Amino acid sequence: MLIPCLACESRFGPDEYFNACSDYNRGMDLVSWTCPRCGNRDDLRVLPGELGFGYPHRGRFDVHDRLRVPGLRRQRGDLRLDISLDRACWRVATRLRQPA
Ligand SMILES: [Zn+2]
């Protein structure tokens, strides 16, 4: 299964795609994704069996587009999100922010 970049339409295998995730935002339940090809940055939500793309709206994130990724699983941790697919696993850490 190949997962496309929504900006440049390059397609990536799961390993390349999920290694490009960074900074899990637990409050919004989002990960940042930077396309290794075109550098486009997107926020996405990892859901069981699919990826959700959308826009922040009034402090929430509304999913508008869903991309099915059969077998995709997720587990939320305190400061990270674990993503797994088949026997592979990727860990996306939360970037610590300085308290305001
Ligand atoms: Zn791209």
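The model is predicted, so local features need pLDDT of at least 70 and side-chain atom pairs count only at pLDDT 80 or more, while totals for chains, interfaces and linings use all residues. Residues are numbered from 1 along each chain as its sequence is written, and side-chain values use heavy atoms, with hydrogens and water left out.

Start at the metal. Cys5, Cys8, Cys35 and Cys38 coordinate the zinc ion through their SG atoms, at 2.3 to 2.4 Å. Donors here are N, O and S atoms within 2.8 Å of the metal (3.2 Å for Na, K and Ca); water is not among the atoms, so sites may look incomplete. The angles among the 4 donor atoms run from 105 to 115°, and the site is tetrahedral. That label requires four donors with all angles between 85 and 135 degrees. Along the chain, the donors follow the spacing C-x2-C-x26-C-x2-C. Why does the pair of cysteine 8 and cysteine 35 tie together separate parts of the chain? Cysteine 8 sits in the loop between β1 (3–4) and β2 (11–12), and cysteine 35 in the loop between β4 (30–34) and β5 (41–47), so the pair links parts that are 27 residues apart in sequence. Strands are DSSP runs of E with at least two residues, helices are runs of H or I with at least four, and both are numbered from the N terminus.

Buried means under 20% relative accessible area, exposed means over 50%, and partly exposed lies in between (1.4 Å probe, protein chains only). Cysteine 35 is buried, at 3%. Cysteine 8 is partly exposed, with 31% relative accessibility. Cysteine 38 is also partly exposed, at 41%.

The structure holds 0 disulfides. Cysteine 89 is in no disulfide, and the nearest cysteine sulfur, that of cysteine 21, is 12 Å away. The cut-off for a disulfide is a pair of cysteine sulfur atoms within 2.5 Å. Cysteine 89 counts as exposed, with 52% relative accessibility.

Two loop residues are worth a stop. Glutamate 9 lies in the loop between β1 and β2. Its phi is near 65°, a positive value in a residue other than glycine. Glutamate 9 is exposed, with a relative accessible area of 64%. Glycine 39 belongs to the loop between β4 and β5. Glycine 39 is partly exposed, at 45% relative accessibility. From C-alpha to C-alpha, glycine 39 and proline 14 are 17 Å apart in space, and they are 25 residues apart in sequence.

Aspartate 23 has a positive phi too, about 60°, although it is not a glycine. Its place is in strand β3 (residues 21–25). Aspartate 23 is buried, with a relative accessible area of 11%.

Strands β6 (residues 50–57) and β7 (residues 60–68) run antiparallel, joined by 8 bridges. Two strands pair if DSSP finds at least two bridges between them. Which residue of β7 is the bridge partner of glycine 54? The partner is valine 63. The hairpin of β6 and β7 has 2 residues between the strands, and arginine 58 in the turn has a positive phi of about 50°.

The other hairpin joins β9 and β10. Strand β10 (residues 88–93) pairs with β9 in the antiparallel sense over 6 bridges. Again 2 residues lie between the strands, and aspartate 86 in the turn has a positive phi of about 55°.

Follow β9 (residues 80–85) to aspartate 82. Aspartate 82 is buried, with a relative accessible area of 13%. Across the pairing, aspartate 82 stands opposite arginine 91 in β10. The side chain of aspartate 82 makes a polar contact with the side chain of arginine 80, at 3.0 Å. A polar contact is a pair of N or O atoms within 3.5 Å; within protein, one must be able to donate a hydrogen and the other to accept it, and residues adjacent in sequence count only if both atoms are side-chain atoms. Not counting residues up to four places away in sequence, aspartate 82 touches Arg73, Arg74, Gln75, Cys89, Trp90 and Arg91. Contact means heavy atoms within 4.5 Å.

Serine 84 is buried, at 15% relative accessibility. With residues up to four places away in sequence left out, serine 84 touches Gly71, Leu72, Arg73, Cys89 and Trp90.

Methods. Tetrahedral: all angles 85-135°; square planar, octahedral: opposite > 155°, others 65-115°.
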